[in-house]
Amino acid sequence: MPAPGQDGGEEPRFLRACRGLPVDRVPVWFMRQAGRALPEYRAARGTGSILQAIADPALVAELTLQPVRRYGVDAAILFSDIVVPVAAVGFGVDVEPGRGPVVAEPFRSARDLDRLRPLEPEVDTPAVVEATRLAVDLLRPLGVPLIGFAGAPFTVASYLVEGGPSRTYARTKALMHGDPALWAALTDRLADLAVASLLSQVAAGAAAVQLFDSWAGALSPQQYERFARPASAKVLAAVAGAGVPRIHFGVGTGELLPQMAAAGADVVGVDWRVPLDEARRRVGSGRALQGNLDPALCLAPWPAVEEAALDVLARGGGTGHIFNLGHGVLPETDPDVLERLVALVHDTPAGTLSRPPAAGPGGGSGRDPEAGPSAWSAEGRR
Ligand code: CP3
């Protein structure tokens, strides 16, 4: 088997795909590829909050490498969490196993802005910086790039305002509409924290960054435009000069894809609700797509997984596409299915996918000679 992530000894195919350059195979990795689906994770992780585990650079590097070894994916993602920067500046956040981030004293008023001082990564999150360096060193001989990440201001703010996971985001929406100036100040501070964290990860060797706006799909296009896009665009613009591809991801964001693209990323993540050929139309040319197999399908019998994965590949069109799930790996997923998925993607030459199927149900095989050209720019397709 060729070294994962390598493209004939050139730049890793994951990075090429982020820039819309031709690849031999569509690169593949999985959001939440580290974690409870892996027995070796459960063995190494120990008990306690994930924030304690993140304080141990050797453990973090090991957990980051585990899915690379097991699945042969084309990229690693740093083992960390979106609340690490706010926890590091002392806002008072923990992560409850099985529940997610919880905040004992939620964000309520302008006074709470003082709890969000600027992040100095070398001082506040030295373990993250050290873990990034360690993981990059271990990944280098494998030719696998490391993705650094941060939470987007809206998604992180939702935890700080709600005090924990939410279904309705009622308090968050009440704040953004009720006190737009305070909301802007909050998300602006969170943008600065994300920028500092991302730049420190890139300085330590991360080859790409992903901005997770996981819960942005709770917003209408008007709400997104006014209350989420400005701070996310600030983050993406501030890391543009770092010279690494920027991925921008959210769940349930089909109606927001044009705006998420306009926020400035190089790659737009798509969940499973919008087929990639349709997503390509919404995002426009010149940006790559990442996604979008339904994570729940990984629990179905293999023939169903295979059929759906081949459809994702066909609709992705082979160029400017990074294969992934539409959201994170579910903990009950059989790791063998993910291993087979990687093999399937790697067994499919990208050149055979260059004509996406026509849109609509039952839209064809991806090799349909009647289908129109990919929406990817002509330059990227040479
Ligand atoms: O391979 C990887 O992607 C692992 C690294 C990673 C984690 N969290 C580790 C983690 C990443 C990229 C994240 C990002 C993250 N954290 C997001 C954005 C991605 C997404 O899924 O939308 C969000 C929304 C969070 C907040 C958060 N942290 C949630 C919702 C949870 C799940 C709670 C649970 O236990 O079900 C966490 C905890 C968490 N973060 C776990 C892991 C492996 C599981 C708990 C643990 O092992 O302690």
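Helices (H or I, at least four residues) and strands (E, at least two) are DSSP runs, numbered from the N terminus. The model here is a predicted one: local features need pLDDT of at least 70, side-chain atom pairs count only at pLDDT 80 or more, and totals for chains, interfaces and linings use all residues. Residue numbers start from 1 along each chain as its sequence is written.

Start with the whole chain. It holds 16 helices and nine strands. Along its principal axes, the C-alpha trace spans about 60 × 45 × 40 Å. A compact globule of 382 residues would have a radius of gyration near 21 Å, and the chain agrees, with 20 Å. That radius is taken over C-alpha atoms, and the globule rule is 2.2 Å times the number of residues to the power 0.38.

Next comes burial. A residue is buried if 20 or more other C-beta atoms lie within 10 Å of its own, exposed if 12 or fewer, and partly exposed in between; the C-beta atoms are placed from the backbone. By this count, 54% of the 382 residues are buried.

Contacts come next. Two residues are in contact if their C-beta atoms, placed from the backbone, lie within 7 Å. Among contacts in the chain with a separation of 6 or more, 72% join residues 24 or more positions apart.

Now look at helix H11 (residues 221-238), where Ala-231 lies. Ala-231 counts as buried because it has 26 C-beta neighbours inside 10 Å. Leaving out residues up to four places away in sequence, Ala-231 touches Pro-153, Thr-187, Asp-188, Leu-190 and Ala-191. Ala-231 and Val-251 are 20 residues apart in sequence and 18 Å apart in space, C-alpha to C-alpha.

Two packed helices are described by the angle between their axes and the distance between the axes. Helix H8 (residues 153-162) and helix H10 (residues 180-203) have axes that come within 9 Å and cross at roughly 115°. Axes are lines fitted to C-alpha atoms, for helices over the stretch in contact, and angles run from 0 to 180 degrees between N-to-C directions. The crossing of H8 and H10 is right-handed. A crossing is left-handed if the near helix is turned anticlockwise from the far one by less than a right angle, and right-handed if clockwise. From H8, Pro-153, Phe-154, Val-156 and Ala-157 meet Leu-186, Thr-187, Leu-190, Ala-191 and Ala-194 in H10. By class, this contact has eight nonpolar residues, one polar and no charged. Ala, Val, Leu, Ile, Met, Phe, Trp, Tyr, Cys and Pro count as nonpolar, Asp, Glu, Lys and Arg as charged, and the others, Gly among them, as polar.

Ala-263 and Ala-231 are 32 residues apart in sequence, yet 9.1 Å apart in space, C-alpha to C-alpha. Ala-263 sits in the loop between helix H12 (257-262) and S7. Ala-263 is buried, because 26 C-beta neighbours lie inside 10 Å. Beyond its neighbours within four places in sequence, Ala-263 is in contact with Arg-229, Ser-232, Ala-233, Leu-236 and His-248.

His-248 also touches Gly-269. Gly-269 belongs to strand S7 (residues 267-269). With 28 C-beta neighbours inside 10 Å, Gly-269 is buried. Other contacts of Gly-269 include Gln-290 and Gly-291.

Most residues other than glycine have a negative phi, and most peptide bonds are trans. The bond from Gly-291 to Asn-292 is cis, with omega near -5°. Asn-292 is in strand S8 (residues 288-293). Arg-32 is not a glycine, but has a positive phi of about 60°. Arg-32 lies in the loop between helix H1 (13-18) and helix H2 (39-45). Tyr-169, also not a glycine, has a positive phi of about 55°. The loop between H8 and helix H9 (170-178) holds Tyr-169.

Finish at the ligand. A residue is near a molecule if its C-beta atom, placed from the backbone, lies within 6 Å of it. Of the 22 residues around the ligand, Ala-34, Gly-35, Ile-50, Gly-100 and Ser-214 come nearest. The shell divides into 11 nonpolar, seven polar and four charged residues.
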